[in-house]
Amino acid sequence: MGSVFRRFCCCCCAADDDGDDDEKQPLVPQDPLEFFNQEVQKRRDEETNLWSEPGDRSHSERPDDRVLYSLLQARNKTRMGSTGYRRLSVDIEAMRDTRREVRDKWKILLENLGFMAEADSLLAVTAGASLDGMRNAPAARQLLQTLHTETSLFYSREPPPERYLLILDRLLYLDIAEDFLAKAKRFYPPKEDSDEEAPGLAINLPLLLARVEALNGRATEEEEESERDD
């Protein structure tokens, strides 16, 4: 199994790193240090935010990604230490915590299957990953739907994050997807609506988006007033 996993990881990493964007980049960057720092920042961003659709560079296709991205942009425009900044930080961390808790559930299941050392690698999804490169897309999509409806791996009733399609495709390749599904049903059975617990703070996407739009509107008005005073 170890040799299969190593061979899979090599293929997976190669597939993630290939793409049209890479062909457009110069072979030798003008500033290697700046290029390295940008790549490190990208990886840190991916690991911190766990985008539901990692291949969507604009983070606008899914409502939850769009809200998180809007919160981050709004905080960047808000004075650090202000009440608005602290409120945005709470909302951002609430969304990140929810995503981390889902990922932690998957990690627990993989470790229980014996993938103690490989769990993090199996769960890593980069922005370069593409659904087009999946080996078993229909089977992975069916499995994801089953996990969504027959387990409590995911908290939201919204469609599950597509990042987990890529992970399930890897599990299918390693021939452990059915074992993973069985473990998920055992460890995280579906909960009744009355028993379901929201992790951390309850996430109300429409409310968060309305709050961001209000903050953006206020920032625009302040900029216009500042320009008139000048």
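Let's start at Ser152, which touches Lys105, Tyr188, Pro189, Pro190 and Lys191, leaving aside residues up to four places away in sequence. This is a predicted model. Ser152 sits in the loop between α7 and α8. Is Ser152 buried or exposed? Its relative accessibility is 11%, and since buried means under 20%, Ser152 counts as buried.

Now for Leu153. Again not counting residues up to four places away in sequence, Leu153 touches Val102, Lys105, Trp106, Leu109, Leu147, Phe180, Ala184 and Tyr188. Lys105 and Tyr188 turn up in the contact lists of both Ser152 and Leu153.

Leu153 also matters for the bookkeeping of the nonpolar cores. The largest of these has 30 residues, and Trp106, Leu147 and Leu153 are the ones with the most contacts inside it. The largest share, 6 residues, comes from α8. Apart from this core lies another one, of 9 residues, including Trp51, Val67, Leu72 and Leu88. As a general point, nonpolar side chains tend to be buried together in soluble globular proteins.

Next, helix α9, which covers residues 177-187. Its buried residues are Ala177, Phe180, Leu181 and Ala184. Looking down the axis of α9, these fall within an arc of 100 degrees, so they line one face of the helix. On the face of α9 turned away from the buried side you'll find the exposed residues Glu178 and Arg186.

What covers the buried residues of α9? The cover includes these helices:

| Helix | Residues |
|---|---|
| α5 | 83-112 |
| α7 | 137-150 |
| α8 | 163-173 |

Finally, take a closer look at how α5 and α9 pack. Their axes are 10 Å apart, at an angle of about 120 degrees, and that makes α5 oblique to α9. The crossing of α5 past α9 is right-handed. Where they meet, α5 brings Trp106, Leu109, Leu110 and Asn112, while α9 brings Phe180, Lys183, Ala184 and Phe187.

Key. Residues numbered from 1 in each chain as written. Predicted model: local features only at pLDDT ≥ 70, side-chain atom pairs only at ≥ 80, totals over all residues. Heavy atoms only, no water. Buried < 20%, exposed > 50% of the residue type's maximum accessible area, 1.4 Å probe, protein only. Helix = DSSP H or I, 4+ residues; strand = E, 2+ residues; numbered from the N terminus. Arc of directions from axis to C-beta. Contact = heavy atoms within 4.5 Å. Core = buried A, V, L, I, M, F, W, Y, C linked by side-chain atoms within 4.5 Å. Axes fitted to C-alpha atoms, helices over the stretch in contact; angles between N-to-C directions. Parallel < 35°, antiparallel > 145°, perpendicular 65-115°, else oblique. Left-handed = near helix turned anticlockwise from the far one by under 90°.
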